[in-house]
Amino acid sequence: MSIKAKLSLLLVCWSLLILLIANAIIYFSYVKLTENREMENLKEIGEGLLEKVNTNDLFSPSMRPLLQSVLRDDGMIRIIDKENQVIIRTGEEDDLFNLPINHSAVNDTDMIRLDGDMIVVFTAPIFKNNQRIGTIELSRVLDDHLEDIEILLTILIGVSVLLIVLAVFFGKITSRIFLRPVSVIGTTMDNIQKYGLFEKIQLPQKKHDEIFQLADNFNRMIDYLEEIFQKQEQFISDASHELKTPLTVIENYASMLNRWGKDNPDLLNEGIETIQDESKRIKNMVEQLLDLAAINKQPFEIEVINITELCKQTAKRLEVATNRSIRVINDSKSILGLSNKEKFVQILFILLDNALKYSQKEVTVKVSQNEDRAVIQIMDQGIGIPENDIPRLFERFYRVDKSRTRATGGRGLGLAIAYSLIKQSDGFISIESELNKGTIVTVTLKASM
Ligand code: ATP
Ligand code: MG
């Protein structure tokens, strides 16, 4: 069953229940109130009569005219002796003739159902010398009352049917209004699936309800998916592009060697060397890519590391390897931070490699602590980075000047790897730079107290 049908049905069921309860309350209150009023009336008439007459005279036939004048035609007064003999009976209502005789020790009013009629009965004992000698009984058929109840019932049923019809009608309209945005969402999803488009839902300007929220979340999710999709496409195209150049070089050298290499030892040596270089380039790049994929897939273990010590060791190793000068400035005490030892060294290698690659002068590493944060700054006095490029440096394969970095062997993956590693250590990385003056890369990690 569709939500629309379910909503309409639910609305009708609730309306029906509410109507039933309301009708029952109206019906029973009306019946009770009118019956009480009739009983009260008859009681007043009976007690009024008993106050007016001498009860000793009630058995006398001379009382008949008085008794007859007390009740209207639809009523009956009976004077009954102790032996259940009806001494006097007034009134012409046939329905009352069969009323069973009832004696009561005190004044009493009751409602009786007899042959489909509602009859209100008032009985009072008649005393003589403190001895009960009989009963006076006043009774009346409630014809009007039953008619009124029937009319009331007809009105209630009629109004209920009308209200149910209206509830069905308005239920349908209401569910259609409320579910229209949901069907728009459904259609949009269908289109996305069918045509592979990143289509978004048109949001109304005014409404800000739950369905608006749902559609808004959906749109944001589509934006996010589109961004991921575009990045993925960009990545595939960049990766293919990166692989294409060394593979073309390898292919060209291979065919050159095939044609002339066998007789030309110089070309043979040059070809083998170039193929080796380019293969290494491809291998390094694939390794970096696998590294990047692994970081996002398998989180590494976070431990307490001695940041000062690791910076010093790494700087020393790189100084020896590159024959360049790296100065480490630190507070007197060792600064401890939370990361992974191996991964932290990898981050330092990436950042120091950049600083050395893109500058000629001395590189500085500054380690300090700022409250609960350990701060590592790698500073160089090199070529710098244009301001516009800084926000995109952490994207895979992003290089500022492709021709120049190609000469330095960069593939634009180092900072993307460093960014992912730092993020997994719950840290931040930021870059400040000025063209031809130098660059400061700041890494902030949680300090261990
Ligand atoms: P890879 O690190 O993958 O070998 P790469 O160094 O080109 O290659 P990243 O480390 O990601 O890639 O750096 C991206 C780009 O940012 C570099 O190509 C370079 O243009 C620029 N860059 C990074 N660090 C510096 C720096 N210290 N000074 C000047 N430019 C820098
Ligand atoms: Mg690099």
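Select residues 151-170 to begin: here the chain is 100% helix and 0% strand, with its end C-alpha atoms 28 Å apart (helices are DSSP runs of H or I with at least four residues, strands runs of E with at least two, numbered from the N terminus). An unreviewed UniProt entry annotates residues 151-170 as "transmembrane region"; such annotations may be inferred rather than shown by experiment.

A word on the ground rules: this is a predicted model, where local features need pLDDT of at least 70 and side-chain atom pairs count only at pLDDT 80 or more, while totals for chains, interfaces and linings use all residues. Residues are numbered from 1 along each chain as its sequence is written, chains are lettered from A and ligands numbered from 1 in the order written, and side-chain values use heavy atoms, without hydrogens or water.

Now show ligand 1 and its surroundings. The shell holds 21 residues, and the closest are Asn354, Asp380, Arg411, Leu413 and Leu415 (a residue counts if one of its heavy atoms lies within 4 Å). Zoom in on the polar contacts (N or O pairs within 3.5 Å): a backbone N or O atom of arginine 411 is 2.9 Å from a ligand 1 oxygen, and a polar backbone atom of leucine 415 is 2.8 Å from an oxygen of ligand 1. How much of ligand 1 does the protein bury? The protein buries 96% of the 590 Å² that ligand 1 exposes when taken alone (Shrake-Rupley method, 1.4 Å probe). Colour α7 (341-357) next: α7 gives the most to this shell, with three residues.

Definitions and conventions
A polar contact is a pair of N or O atoms within 3.5 Å; within protein, one must be able to donate a hydrogen and the other to accept it, and residues adjacent in sequence count only if both atoms are side-chain atoms.
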